[in-house]
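Have the sequence and the 3D view open while you read.

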Amino acid sequence: MKSRNLLSSLSRYLLFLIIVIALIIEGLWLISMPEETVRKAIIGALGDRIGMEIAGLKKGLFYNLNAERVVLRNNDRDIIFIEDVSVRINPVYLFLLKHKSSFKGRVHNGFISGDLNISRNKMFMYMKVNGVDIRDIPYLKTLGIKGDGALDADIMLEDNHGGIKFNLNNAKLETLTLSGIALPLEAFDRVKGMINVDSSLVNIESLSLEGDGVYGRIKGKIKDGLADLSFEIMPDASAI
């Protein structure tokens, strides 16, 4: 009986201790960390790995953040604009001098969600893209890719390199000119592929295109704007 009472008292004490610790952590978040400090800490933690601009940042309860707009950049070139961003920070990692969070946001009529992990010497980001129109991704325009189409993708970034696996549906693309060679992308309305990016090097592992009775494949590399690609067009599926 005494043992049972002791366990009951110990459980109540541990519960009380957990609540006190949680309130202290929440108090530090709400009182001791101004929004501008949080914004600078996030941008500073990314360093020169990837550029970020945050507008309209607001703190919420339990280490939640909301921002009106977030801009991701690579070498001063805009990658994408994300609106109505919400972020959930794991406070445990802050005491380890690390950052771990999950996020979600909207890109016009499409959506983005993912996870971000930052330590002193490493950054890893995973993003899932659902139904984002490629015209709303400014970085593609810097690569000469123009038009419309609903993009679904899985993107992994680790420091200055990463990989993209994607599907593009209902595409209405414009002719792409690389190193003086015109690629008639307007003939295709569905595209899927896998691309690796390492700083200024874009390595197209596989990229297949499909249109009305037309199929195509692209492989090769783009470095500093100079393309070394092979492009095949086939009249029917039996040629693949």
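This is a predicted model: local features need pLDDT of at least 70, side-chain atom pairs count only at pLDDT 80 or more; totals for chains, interfaces and linings use all residues.

**The big picture**

Before we look inside that cavity, here's the overall layout. The protein chain is built with four helices and 15 strands. It has 240 residues, and 32% of them are buried. If you take the contacts between residues at least 6 apart in sequence, 34% of them join residues at least 24 apart.

**The cavity and the pocket**

The largest share, four residues, is from S3. As for the classes in this lining, 15 residues are nonpolar, two are polar and none are charged.

There's also a largest pocket to look at, with about 1,100 Å³ of space. It is lined by 49 residues, and Tyr139, Leu140, Leu143, Ile164 and Val197 are the closest to its centre. Which strand gives the most to the lining of this pocket? That's strand S9 (residues 161-173), with seven residues. Sorted by class, the pocket lining has 36 nonpolar, eight polar and five charged residues.

**A pair of rings**

Now for the aromatics. The count comes to one aromatic pair. The partners are Phe188 and Phe231: their ring centres are 6.5 Å apart and their planes sit at 65°, so this pair is edge-to-face, as the angle is over 60 degrees. Phe188 belongs to strand S12 and Phe231 to strand S15 (residues 226-234), so the pair ties together parts that are 43 residues apart in sequence. Is Phe188 buried or exposed? Phe188 counts as buried because its relative accessibility is 1%, and the cut-off for buried is under 20%. Phe231 has 24% relative accessibility, so it counts as partly exposed.

What does Val191 touch, leaving aside neighbours within four places in sequence? Its contacts are Phe166, Asn167, Leu168, Leu173, Leu207, Ser208 and Leu209. Take Phe166 from that list: Val191 and Phe166 are 25 residues apart in sequence, yet their C-alpha atoms are 8.2 Å apart in space.

**Two polar spots**

Next, have a look at Asn203, which is part of strand S13 (residues 201-211). Its side chain joins that of Glu205 through a polar contact of 2.9 Å. Not counting residues up to four places away in sequence, Asn203 touches Met194, Ile195, Asn196, Gly220 and Lys221.

Asp133 is the other one, and you'll find it in strand S7. Asp133 has a relative accessible area of 17%, so it is buried.

| Atoms of Asp133 | Partner | Distance |
|---|---|---|
| Asp133 side chain | Arg135 side chain | 2.8 Å |

One last stop, at the backbone. Most residues other than glycine have a negative phi. His108 is not a glycine, but its phi is positive, at about 55°. You'll spot His108 in the loop between S5 and strand S6 (110-118). His108 has a relative accessible area of 41%, so it is partly exposed.

Asn170 also has a positive phi of about 55° without being a glycine. Where does Asn170 lie? Asn170 is in strand S9, the strand that gives the most to the lining of the largest pocket. Asn170 is exposed because its relative accessible area is 64%, which is over 50%.

How values were computed. Residues are numbered from 1 along each chain as its sequence is written. Side-chain values use heavy atoms; hydrogens and water are left out. A polar contact is a pair of N or O atoms within 3.5 Å; within protein, one must be able to donate a hydrogen and the other to accept it, and residues adjacent in sequence count only if both atoms are side-chain atoms. Contact means heavy atoms within 4.5 Å. Rings of Phe, Tyr and Trp (its six-membered ring) pair if their centres lie within 6.5 Å; planes under 30 degrees apart count as stacked, over 60 as edge-to-face and the rest as tilted. Buried means under 20% relative accessible area, exposed over 50%, partly exposed in between (1.4 Å probe, protein chains only). Ala, Val, Leu, Ile, Met, Phe, Trp, Tyr, Cys and Pro count as nonpolar, Asp, Glu, Lys and Arg as charged, and the others, Gly among them, as polar. On a 1 Å grid over the protein atoms alone, a cavity is a set of points where a 1.4 Å probe fits but cannot get out, and a pocket is an open set with protein on both sides within 12 Å along at least five of seven lines; lining residues have an atom within 4 Å of a point. Grid points are joined across faces, edges and corners, and a volume is the space filled by probe spheres set on the points.
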